[in-house]
Amino acid sequence: MPSFSLRIARTVESWNIQPSGLILAGTVNDAAASTTVFKTTLTNADDFINGAFIVFMDGALQGESRKISDFANTNGVITLATALTSAPADTTPFIIIGRS
């Protein structure tokens, strides 16, 4: 299966992402978000996006990306493998792409 590397200008990591057809969009839904755990508008099944990557599309985190280590359907909670440079603001839009 072909793969490609994703490099975002503000990210100091690069990953080998396998094309999986997985592309989702959502927003942060958490006024008390942390740099590693936050609620979202996503409603997928538990663990559905584990191993995928979140890329923030606007605000202070625009262009920043991280690997998702866990997803819980209750409140759409995303847990990241590594911390963001700052907590995402409520209503910040993002996309979810691929799986490693």
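## Basis of the model

This is a predicted model, in which local features need pLDDT of at least 70 and side-chain atom pairs count only at pLDDT 80 or more, whereas totals for chains, interfaces and linings use all residues. Residues are numbered from 1 along each chain as its sequence is written, and side-chain values use heavy atoms, with hydrogens and water left out.

Ile54 is in contact (heavy atoms within 4.5 Å) with residues including Phe38, Ile68, Ile78, Phe94 and Ile96, leaving aside neighbours within four places in sequence.

## The aromatic rings

The structure holds 2 aromatic pairs, counted when ring centres of Phe, Tyr or Trp (its six-membered ring) lie within 6.5 Å, with planes under 30 degrees apart called stacked, over 60 edge-to-face and the rest tilted. Phe38 and Phe56 form a tilted pair, 6.1 Å centre to centre with 55° between the planes; because Phe38 lies in strand β3 and Phe56 in strand β4, this pair ties together parts that are 18 residues apart in sequence.

Phe56 and Phe94 form an edge-to-face pair, 6.3 Å centre to centre with 70° between the planes, and since Phe94 lies in strand β7, the pair links parts 38 residues apart in sequence. Phe38, Phe56 and Phe94 form one aromatic cluster, and Phe94 counts as buried (under 20% relative accessible area; exposed is over 50%, partly exposed in between, with a 1.4 Å probe and protein chains only) at 2% relative accessibility.

## Strand pairing

Strands pair if DSSP finds at least two bridges between them. β4 and β5 pair in the antiparallel sense over 3 bridges, with Phe53 opposite Lys67 in β5, while β5 and β6 pair in the antiparallel sense over 4 bridges.

## A buried threonine

Thr40, in the loop between β3 (37-38) and β4 (53-56), is buried, with a relative accessible area of 3%. Its side chain reaches the backbone oxygen of Gly76 at 2.6 Å.

Terms used. Helix = DSSP H or I, 4+ residues; strand = E, 2+ residues; numbered from the N terminus. Polar contact = N/O pair within 3.5 Å; in protein donor to acceptor, adjacent residues only side chain to side chain.
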